[in-house]
Amino acid sequence: MALEWVVLGYAAGAEAIMLLLLTLPGLDPIRKGLITVTRSLLKPFLSIVPFCLFLLMDIYWKYETRPSCESDNCSPSEYLRHQKSIMKSQRNALLIAAALVFYWLLYSVTGLVVRLDLLNKRLEKLKARD
């Protein structure tokens, strides 16, 4: 199961890097290429949404079937294992949330940048007419 989390982490990292490159000022010469690459990667990255839902169900299933260690009859090692399991679940839930938020931001920012480029082209055409 660790491979799934590595894949999700790399996907979230790639989304964050593309988002950062699209929003950084001063990258105008390469912005058109970045927009093209980002727009072509948006559809494959959409597969992150069902993948995240699957992993969220996995976290829920592990939470429901995990033995509880609430009473005094738990040994220190069992208690430590229980706490470690809770921490991993919380970390993985944050990774899922980050991947989904980064995808939504990347989709929104890409749409805004494309719209901004179209408006700049219209403005240049109107200035050229005058």
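This is a predicted model: local features need pLDDT of at least 70, side-chain atom pairs count only at pLDDT 80 or more; totals for chains, interfaces and linings use all residues.
Local features are reported only where pLDDT is at least 70 and side-chain atom pairs only at pLDDT 80 or more, while totals for chains, interfaces and linings use all residues. Residues are numbered from 1 along each chain as its sequence is written, and side-chain values use heavy atoms, with hydrogens and water left out.

In soluble globular proteins, nonpolar side chains tend to be buried together. Here the largest nonpolar core has 22 residues, and those with the most contacts inside it are Leu8, Phe45, Ile48, Ile96 and Leu106. A nonpolar core is a set of buried Ala, Val, Leu, Ile, Met, Phe, Trp, Tyr and Cys residues joined through side-chain atoms within 4.5 Å, where buried means under 20% relative accessible area, exposed over 50%, and partly exposed in between (1.4 Å probe, protein chains only). At least two residues of this core come from each of helix H1 (2-23), helix H2 (28-45), helix H3 (48-65) and helix H4 (76-129); helices are DSSP runs (H or I, at least four residues), numbered from the N terminus. Leaving aside neighbours within four places in sequence, isoleucine 96 is in contact (heavy atoms within 4.5 Å) with Trp5, Leu8, Cys52, Leu55, Leu56 and Ile59.

Within H2, the buried residues are Arg31, Leu34, Ile35, Thr38, Leu42 and Phe45, and what covers them includes H1, H3 and H4. Threonine 110, found in helix H4, counts as buried because its relative accessibility is 3%. Not counting residues up to four places away in sequence, threonine 110 touches Leu22, Thr38, Arg39 and Leu42.

The structure also holds two salt bridges, each defined by a side-chain nitrogen of Lys or Arg within 4 Å of a carboxyl oxygen of Asp or Glu. One joins the side chains of aspartate 28 and arginine 31 (3.4 Å, N to O), which are separated by about one helical turn because they stand three residues apart in helix H2. Aspartate 28 is exposed, with a relative accessible area of 56%, whereas arginine 31 is buried, at 13%. In the other, the side chains of lysine 62 and aspartate 58 meet (3.6 Å, N to O), and being four residues apart in helix H3, these two are likewise separated by about one helical turn. Lysine 62 is partly exposed, with a relative accessible area of 37%, while aspartate 58 counts as buried at 12%.
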